[in-house]
Amino acid sequence: MKSKIALPAAALAMMAVAVVPVLATPAHANTAAKARAAGPFGCNYTNSEPVLRKGSTGTAVKQAQCLLKYRIGQPDSVDGVFGSATDSAVYEFQTRWGLKVDRVIGSSTWYALKH
């Protein structure tokens with residue numbers, strides 16, 4: 001009778017060893033890292049917050065455009081060029097959020113866009 005119990009117990013122990021490493025490696029580890037890296041609202045062009053105004057270009061403008069698109073649905077494209085469409089979007093955003101309306105993305109506008 002002892003041998004009949006010992007065999008299933010040994011088999012269960014071997015299965016547990018085979019399953020534990022799979023469970024010990026969290027499948028969500030990569031997902032969590034990507035979520036942290038993605039930035040607010042999925043906008044992950046840059047973390048820098050320079051002062052931006054009409055005529056500015058680059059990844060910070062893309063970040064601002066992405067955040068504006070999420071917040072107010074404008075501008076239509078995220079192209080990295082602070083042109084007329086982005087200028088209008090900044091004006092509308094600053095007006096809606098009760099910010100100083102200067103059409104410049106400074107520290108207070110960055111904060112409002114990200115939070």
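Which residues touch the most other members of the largest nonpolar core? Of the 18 residues in that core, they are Leu52, Leu68, Phe82, Phe93, Ile105, Trp110 and Leu113. A nonpolar core is here a set of buried Ala, Val, Leu, Ile, Met, Phe, Trp, Tyr and Cys residues joined through side-chain atoms within 4.5 Å. Buried denotes a relative accessible area under 20%, exposed over 50% and partly exposed in between (1.4 Å probe, protein chains only).

The model is predicted: local features need pLDDT of at least 70, side-chain atom pairs count only at pLDDT 80 or more, and totals for chains, interfaces and linings use all residues. Residues are numbered from 1 along each chain as its sequence is written, and side-chain values use heavy atoms, with hydrogens and water left out.

**Core and helix packing**

Two or more core residues come from each of α3, α4 (84-96) and α5 (107-114). The largest share, seven residues, is given by α3. Helices (H or I, at least four residues) and strands (E, at least two) are DSSP runs numbered from the N terminus. Beyond its neighbours within four places in sequence, Ile105 is in contact (heavy atoms within 4.5 Å) with Pro50, Val51, Leu52, Ala64, Phe82, Val90, Trp110 and Leu113.

| Helix pair | Angle | Axis distance |
|---|---|---|
| α3 and α5 | about 50 degrees | 9 Å |
| α3 and α4 | roughly 50 degrees | within 10 Å |

Axes are lines fitted to C-alpha atoms, for helices over the stretch in contact, and angles run from 0 to 180 degrees between N-to-C directions. The angle makes α3 oblique to α5, and α3 is likewise oblique to α4. Angles under 35 degrees count as roughly parallel, over 145 as roughly antiparallel, 65 to 115 as roughly perpendicular and the rest as oblique.

The crossing of α3 and α5 is left-handed, as is that of α3 and α4. A crossing is left-handed if the near helix is turned anticlockwise from the far one by less than a right angle, and right-handed if clockwise.

Towards α5, Ala60, Gln63, Ala64, Leu67, Leu68 and Arg71 of α3 meet Trp110, Ala112, Leu113 and Lys114. Towards α4, Gln65, Leu68, Arg71 and Ile72 of α3 meet Thr86, Ala89, Val90, Glu92, Phe93 and Arg96.

**Disulfide**

One disulfide (cysteine sulfur atoms within 2.5 Å) is counted. Cys43 is joined to Cys66, with an S to S distance of 2.0 Å. Cys43 lies in the loop between α2 (29-37) and α3 (59-72) and Cys66 in helix α3, so the bond ties together parts 23 residues apart in sequence. The torsion about the S-S bond of Cys43 and Cys66 is about -80 degrees, and the disulfide is therefore left-handed. Cys43 is buried at a relative accessible area of 1%, and Cys66 is buried at 15%.
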